[in-house]
Each structure stands twice: as C-alpha cells, then as structure tokens.
Amino acid sequence: MNVLRILSIGVLTCTMVTAAAEDTFLVRDGHSDYAIVLSDGASPSEKKAAEEVQEAIRQRTTATLPIVTEAPPDNHPMIVIGGGKVAEKLGVRPDAAELGEQGYCLRTIAPHVVIAGTPAAGTLYGAYDFMETVLGIRWYAPDEIKTPKSADVLLPNLDKKEKPAFQYRQTTYAWPGGDAGFRAHQRENCGAGGPDNPLGTQYAFDGICHTYFNYVNPGEFFDSHPEYFSEIGGVRRNGETQLCLTNPEVLDIVTERMLKRMAEMPNVRQHNFSQMDWYNYCQCPKCREINERYGTSGGTQYWFLNQLAERTSK
C-alpha cells in the first residue's frame, strides 16, 4: 500500500507540469539562450534564489545560465527572479496583501518564466517550488539530493500562487546532521534570521516549552515565597514543582519579566510560558477549584495565560 501511494504521488507530480508550447525548451541539448534576470534591489534571499536556480539547471543539464540584473534585449528569453520592473512589464506584480510574508507566484509568459514573491522569503520558496516541479529535484536528507540528469528541459506551463498556510513551520524537534540549507529546502523557517538572511526571514521564538522557571524559579523564590509553588498534600513543594497559578503575585512577576523579555528581544514573535516537564500541579484550594471547574488539570494554565496575554498585549 505504501509503495502504491508513493507511485501515485510521483505520477501526480509529473502531470502537474506541462509544456507551455510545443517544442519550446528552457534547455535544449545542454544549451540555453535563457538568462536569469534578478529584480531591481533584490533581497539577499532573492539573490540566493537566482544562484540556486542557476546551479540546479547546471546540475541537471550542464548548461550555465548567466545571472544579470538588467533585462536583456527584447524577445531574449528570461527566467525572472523577484518582483520589479521586468516582472511588472510581463504583468506579474506580487501583492503582499495577497501573498502574506512568505508567498509567491510562478507564471509562464512564453517564452519567459517569472518566479516572484515577497522579498523577505517568498521568492526563495518560489525558486524551490520551481526546482522541484520543473527540474525534478528532491532534498531527501542533508546529504541526499536527487537531481535528474537530462540535456533537455521543456518550458513549463506555470500559473500558480502560493501562500503558506502556516506562518511558522518546523517538522522536527531535532534532526541529526540537519543544516540550515536543508531545512530551508523543506520550507522550514524556525530561526532568528531577518530580512537580510539569505535563507529568508524566519520565525523566532523565546522558549519552546517547559519555561515556568525562566520567570519564577524556586532557586530564587522558594525560601522567601514557598506559596508561589505547588502545594501537594498541604505542603509547598520545592523539587520537581510547578507554579501556583492562582497566586496574584506570580502573575505580576511573570507579566513584568515577560514584558522585559519582549523589550529585549524585539525580533521574537512568540514567547512561551508553559509547565515544567513533570506532574505535581498545584492542589491548593484555589487551583483545585479552577481545575475542577474546567474539568482538567490544565484549567489553571489557560486561566492564567488568558490574563497574561491580556496584560502583555496592551
């Protein structure tokens, strides 16, 4: 069943890309008249996109297309990378409102191909889409790249707009041997890269999980304020403890410290506040009442987070 499923996906991939016109080629017998035209004021990730498309075509066909920053003479065939005057002249104007931060469009205006998206990351992702669907390249693992060999590449019939459904994408908690380039090819964007990052703007966050003690740590507070931590069987617990989330002073401390972290890390989009990686939730009367009200030991967590979000979003 798995083999059949894989084969059916492969057939679908092949049938999605058709020739724009009979006997029209990007590369023919290992030679090409095309130039890769980089947009005006191209971002670092768009320059990276042009270089990767150039190398991918060379790896597949042995043809090396020049990268230029000015449009060649009229009727000279082009692969246009990024929005700008050349793309606009061909009727392609990437709309940030429509594409979001990371979207792109692929268009064939025969004999030209346009790969244009948002300069922050979209054009680069469009280039990767082109490399997959037109050139057949696959990145299976950091050191496992499949590039079909062929002296010919037909001019594809492309008319596609893509806006990622998820602003933040990370498929693996840890990938031994994984590198930034491989992750970018998978369209993962976890990291601190900004608009000047050659691999595109990334999604940065402060903490993934188990972060209570980043804000209220028993090493700092337990001796003076044991009431900030879990009460189990009538006793406030120091080791492997959680926070007493119904204590108003805990909310005040977490709010103050999270606002400070937000100010110190302006490029971070998400700040995590979540329980430590063990049980021992607080069983004091106030916490127990809220958890029983919501029917879950996580009731106090969401009750607390709603207040924290309201305070830190002002």
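Mentor: P111 is found in the loop between β5 and β6; here helices (H or I, at least four residues) and strands (E, at least two) are DSSP runs, numbered from the N terminus. The model is a predicted one, in which local features need pLDDT of at least 70 and side-chain atom pairs count only at pLDDT 80 or more, while totals for chains, interfaces and linings use all residues. Residues are numbered from 1 along each chain as its sequence is written, and side-chain values use heavy atoms, with hydrogens and water left out.

The peptide bond that leads from A110 to P111 is cis, with omega near 5°. Most peptide bonds are trans, and most residues other than glycine have a negative phi. D29, in the loop between β1 and β2, has a positive phi near 55° and is not a glycine. N280, in the loop between β14 (270-271) and α10, is likewise no glycine, yet its phi is positive at about 65°. D29 counts as exposed because its relative accessibility is 54%; exposed means over 50% relative accessible area, buried under 20%, and partly exposed in between (1.4 Å probe, protein chains only).

The largest one has 36 residues, and L26, I79 and F130 touch the most other members. At least two residues of this core come from each of β1 (25-27), β2 (35-38), α2 (44-61), β4 (78-81), β5, β6, α5 (122-133) and α6 (180-185). Its largest share, six residues, is supplied by α5. Which residues does F130 contact, leaving aside neighbours within four places in sequence? They are L26, V53, I79, L106, V113, I115, L135 and L158, where contact means heavy atoms within 4.5 Å. Another core lies apart from the largest one; it has 19 residues, among them Y228, F229, I253 and M276.

Three further positions give a sense of distance. G91, in the loop between α3 and α4 (96-99), has its C-alpha atom 9.7 Å from that of R107, 16 residues away along the chain. G91 is partly exposed because its relative accessible area is 39%. K89 lies in helix α3 (residues 85-89) and is exposed because its relative accessible area is 70%. Its C-alpha atom is separated by 22 Å from that of L65, 24 residues apart along the chain. P66 sits in the loop between α2 and β3 (67-68) and touches Y34, A35, I36 and Q54, not counting residues up to four places away in sequence.

Helix α11 (residues 299-312) packs against α9 at an angle of about 45°, with the axes 10 Å apart; axes are lines fitted to C-alpha atoms, for helices over the stretch in contact, and angles run from 0 to 180 degrees between N-to-C directions. This angle makes α9 oblique to α11. Angles under 35 degrees count as roughly parallel, over 145 as roughly antiparallel, 65 to 115 as roughly perpendicular and the rest as oblique. On the α9 side the contact includes V250, L251 and M262, and on the α11 side F304, Q307 and R311 are among the residues involved. Helix α10 (residues 285-294) meets α11 at an angle of about 100°, with axes 8 Å apart, and the two are therefore roughly perpendicular. C287, I290, N291 and Y294 of α10 make this contact with G299, T300 and W303 of α11.

T246, in the loop between β13 (235-236) and α9 (248-264), touches C284, K286, C287, I290, T300 and W303, not counting residues up to four places away in sequence. It counts as buried because its relative accessibility is 11%.

A word on confidence remains. pLDDT is the predictor's confidence in each residue, from 0 to 100. Its mean over the protein is 90, and 91% of the residues reach 70 or more. Over residues 1-16, however, pLDDT stays under 50, and the model has one contact beyond four places in sequence for that stretch. Where pLDDT is low, the predicted coordinates should not be read in detail.

Note on methods: Core = buried A, V, L, I, M, F, W, Y, C linked by side-chain atoms within 4.5 Å.
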